[in-house]
Each structure stands twice: as C-alpha cells, then as structure tokens.
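Subject: Structure handover

Hello,

Here is the structure for your files. My notes on the ligand site and on one residue follow it.

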Amino acid sequence: MSVDSTEADLRPTVETVGWVGSAHDGFVRLIDQTLLPGTFVHIDCKNVDQVWEAIKMLRVRGAPAIGIAAAFGALLGARSQGIDSVDSIRSALKQATTSLRTSRPTAVNLFWALDRMDRIAETEASRTSDPNTLLERILTEARAIQDEDRAMCRSIGRFGAELLSPGQGVLTHCNAGGLATSDYGTALAVIFSAVEQGKSVHVFADETRPLLQGARLTAWELQRRGIPVTLICDNMAAQVMKEGRVQAVVVGADRIAANGDTANKIGTYSVALAARAHDIPFYVAAPSSTFDLTLSDGSSIPIEQRDPREITHGFGHATAPEGIQVYNPAFDVTPAALITAFITERGVIRPITREAIRNLIGS
Ligand code: MRU
C-alpha cells in the first residue's frame, strides 16, 4: 500500500473512500480510520487483497462505506487477470467479489453492493465484446453506488431532522457519520441536518468499546463541524439519561431484518434498553440498502466475532491478564420492539411492523 499523508481539510464532509483515476489504471483511496483522530492519512489500495485487508482491519468501516469500498475493489479485481477479453474480466471480477464477501459478515450493504457488481458484470459482458466498455461500465456502477449513498444520506438527514426539537440532547453510539458513508452519515446526518435547519442540539457520544469509534471518529467529526458534543464512556449512558440530559437516541445499523430487529455496533442494545426505561425515543437511521428482507427476524443475522486482543490489548497496551478468556462480538441485535422509528431515505417507518417495512422497503 502506498501512503500519502494529507492534512485534514475543513470541508463539511470527508471523502471517506473513492476511486482515483480511470477504469484502466485507477485505484481505491480511503482514509485509514484506525489512525484517527491523531493522524489523517489516505491509503491507496491497488489490488483486491489490500481492499479486503482494509475492510477487515476497519481502516474503512461503517456499513455503507464498506459496500462502496468493496464495489471499487471489485473493479481492481476485474483487471487482475489481464484486460484482453470480456470473459477474463468477468471471471476475475467474480473471483474478487467472492473474496471480498469473506471480509466482514454482518453489514448487509457489503453483500448488496457486491451483488450489484456481479450483476452489472454479467449483464454488460453479454452485451459487449469490448473489454474497455466493460471496465467503464463496472466503474460507472461502483460510482453509482457511491453517488446514490450520498443522496440517501441527505434524504435521511432531512426526514430525521423533523424528529428533533431545538435544545435537545441526542445520544449516539459508534460512528454513523461521514466516515461510515460516502458523505453525510445516517445517524449523524440527522444531527447535521437539524443543525443546518437552525436547531441547536447537544450530542452525547458513547465512546464505543472496544475500538472506540465513538471517541475516535464521532467526536472528531462533530467537533470539526462545530457541533457541541460530550464524550461519555458506554457505561454512563443510563446515568446521563436519568439526569435528563438526553431527549432522543439516534444510531445507525448494519443489517435490519424483515420484522425490524436491528444489528448495530455492540452496546446498541443496552442503549435501547436504557432509552426505553427512561421513555426516550430510540431512532435507527439507515438507508434501504441496510434492510435484509430475506431474514425473517434478527436471530439469523450473522454476528462478527473479532480478535480477543481488541479487548485485552486495546491499542497495544495490555489491560487484562495474559491467557484470559474473552468474548468479543462486534455487533448486537436490538429487538424491533425497542425501536421507536426507522429513518430511511424513503421516509420514516413508525410504528414498526413487518408490513410497514415491506411497504416502504420491499419494492
Ligand atoms: O465495526 P464498525 O465500525 O464497522 O461498525 C459500524 C456500525 O456499527 C455503524 O453504526 C453502522 O455500520 C452504521 S454506519 C452508517
């Protein structure tokens, strides 16, 4: 991987992941999120293995951003066996998408984006015998996934902002901001959009153990946008609610089943329980690409298990005795009954029923 160190600019959004150059010789460029907030560095991925590693190691993370990175990664793969024939491009792309599917299991956006890349390669390969045309079409599809995500973020922001009132405290968990999408975030889009409408809100960001996406990424994003934010440890959320500091919770999602059960970063379920106990609305902001209507309920959502060292050696320093047993699921599933509403790019789903989800998302 070649590394290019760039100063963080103050644009309203961050270019989390993108394609640099042409379909023939371009590459994937992404922010290495493992180094934030201390270091703002772009990494250039020039083959599928590098994209796979970047997704696995959370250099790029957040459900929509993973899907976008994988879509561009599929194009890198498509070129890997030479670009002399449409057939070799098509079979190389299939090999790449098969590999990228193994990087992380929970966020359905990854599989949704790779399905699209597989489909476009199949369809276009049957329509053209020109390898250049095929590569261009593959790039166009990956760019479309990115552009559509940008539009979805903006729309989620607009719908969600209606649910917040001026002066409210809003708690969020993990990072569902610009770093997790192509533009504006999902949960944070709601906050950005409310602030753009002139509503002052104060955000409470859970630090999000064990990898601290809330502390390292959400706090960073909000601070550089000038939005008031207070960082808390995960185990403080209930107390902060009891003290009356929080009037709404907004989180993102990695996969939402047909009945509304929602997988998101580990700890989200506890936040939902605490919100219910304090009668605080609990909103999930997610694009339609995060819904998986093939799963009847959350019990069959695959939950990623990660390296125990993320808990015992957080950021390199031993914080537990050598040889201790560890359980490290990266996500949990919040039952639909605890969720007040889904905020999607197509509108708000409230109350949550199978039928309401199918009607808005199922087409
Ligand atoms: O393990 P991560 O950092 O990829 O987990 C991310 C989350 O859980 C986000 O809340 C989710 O992907 C939504 S991002 C818009």
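A polar side-chain atom of Gln 213 lies 2.9 Å from an oxygen atom of the ligand, a polar contact by the definition used here (a pair of N or O atoms within 3.5 Å). For Asn 264, a polar side-chain atom is 2.6 Å from a ligand oxygen atom. Gly 62 takes part through its backbone, with an N or O atom 3.0 Å from an oxygen of the ligand. The protein covers 100% of the 420 Å² of accessible area that the ligand has on its own (Shrake-Rupley method, 1.4 Å probe).

This is a predicted model, in which local features need pLDDT of at least 70, side-chain atom pairs count only at pLDDT 80 or more, and totals for chains, interfaces and linings use all residues. Residues are numbered from 1 along each chain as its sequence is written, and side-chain values use heavy atoms, without hydrogens and water.

The shell around the ligand has 18 residues, with Arg 61, Arg 104, Asp 254, Asn 264 and Lys 265 the closest (a heavy atom within 4 Å). Helix H2 (63-78) and strand E10 (262-265) each supply at least two residues of that shell (DSSP runs, helices of at least four residues and strands of at least two).

Ile 301 lies in the loop between strand E12 (291-292) and helix H10 (309-312). Its relative accessible area is 5%, so Ile 301 counts as buried (under 20%, 1.4 Å probe, protein chains only).

Regards

Notes. Buried means under 20% relative accessible area, exposed over 50%, partly exposed in between (1.4 Å probe, protein chains only). A polar contact is a pair of N or O atoms within 3.5 Å; within protein, one must be able to donate a hydrogen and the other to accept it, and residues adjacent in sequence count only if both atoms are side-chain atoms.
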